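Here is a short briefing to read alongside the model. Keep the sequence and the 3D view open as you go.

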Amino acid sequence: MADPTNQSSQISSSHGLNDGHSAASKDSKFSDSFFSSPVSLIQSPQVIDLVHWRDPKKSGVVFGVSLLLLLSLAAFSVISVVSYLLLALLCVTISFRIYKSVIQAVQKSNEGHPFKALMEKDVTVPPETFRKHVDVCLTHVNRVLKQMSRLFLVEDLVDSLKLAVVMWLLTYVGAVFNGITILILADILLFSVPPIYEKNKTQIDRYIDIARTQVNTTIAKLQEKLPGSLKRCKAE
């Protein structure tokens, strides 16, 4: 007959291994969800249709307005840009209201307020919708905090080194461009790269595979040069 003590120790050790594997799988799923959140937003059907110019008129309007706004922010302060936008909107609505009032006075009609239909619409935010968006934002904030804690406390040395390299490269980018300039370039690339990629998908994918292979080879060589204790931590 098997010793109950040995059986209990084997069961506890198996539970420990299962817990370790489950924790690792949870961390992997968490990392995937953290990085997939912005990707899923970019890959939403509405954004894809815009950046691929499925509807040229709609994409042109969005691209023009976003680029004009970013250029305005580059030339003026945020307060000035917002004030000018609201002032322009007020000029349009006031002018339209005066125009309709004059037309009604000349024609002696009684059409009422020109924005009556819009004024009767409910523009308030329901509490349920507000709480839903707050919960979604809180989920993303917690993911960011968890990921930052994992990277800055060096849970995985390789991932932390990757972040250090990215931050080091960004110091050179920041020395050449400011934030608004980067946003302007990102806006232009967002609306220009997808159509180019769609037309030259085969050639671009081949070069991307070559670059990915080189990066993976370099990372593998760096991991082989790590001390034995760090390798064991990485394996665990």
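The end C-alpha atoms of residues 61-94 lie 24 Å apart, and this span is 94% helix and 0% strand. Helices here are DSSP runs of H or I with at least four residues, strands are runs of E with at least two, and both are numbered from the N terminus. This is a predicted model, in which local features need pLDDT of at least 70 and side-chain atom pairs count only at pLDDT 80 or more, while totals for chains, interfaces and linings use all residues. Residues are numbered from 1 along each chain as its sequence is written, and side-chain values use heavy atoms, leaving out hydrogens and water.

**The annotated spans**
- UniProt, in an unreviewed entry, places the feature "transmembrane region" at residues 61-94 and 176-197; its positions follow the numbering used here, feature names are shortened, and annotations may be inferred rather than shown by experiment.
- Residues 176-197 are 91% helix and 0% strand, with end C-alpha atoms 27 Å apart.

**Helix α3 with helix α4**
- Helix α3 (residues 56-75) and helix α4 (residues 78-107) have axes that come within 8 Å and cross at roughly 130°. Axes are lines fitted to C-alpha atoms, for helices over the stretch in contact, and angles run from 0 to 180 degrees between N-to-C directions.
- α3 and α4 are therefore oblique to each other (under 35 degrees counts as roughly parallel, over 145 as roughly antiparallel, 65 to 115 as roughly perpendicular and the rest as oblique).
- Leu69, Ser72 and Leu73 in α3 meet Val78, Val81 and Leu85 in α4, where contact means heavy atoms within 4.5 Å.
- The residues of this contact divide into five nonpolar, one polar and no charged (Ala, Val, Leu, Ile, Met, Phe, Trp, Tyr, Cys and Pro count as nonpolar, Asp, Glu, Lys and Arg as charged, and the others, Gly among them, as polar).

**Helix α3 with helix α8**
- The axes of α3 and α8 come within 9 Å and cross at roughly 170°, so the two helices are roughly antiparallel to each other.
- Residues of α3 including Phe63, Leu67 and Leu70 meet residues of α8, among them Ile184, Asp187 and Phe191.
- By class, the contact of α3 with α8 has 12 nonpolar, two polar and one charged residues.

**Salt bridges**
- How many salt bridges does the structure hold? There are five, each a side-chain nitrogen of Lys or Arg within 4 Å of a carboxyl oxygen of Asp or Glu.
- One of them joins the side chains of Glu198 and Arg54 (3.3 Å, N to O).
- Glu198 lies in helix α8 (residues 179-199) and Arg54 in the loop between α2 (45-51) and α3, so the pair ties together parts that are 144 residues apart in sequence.
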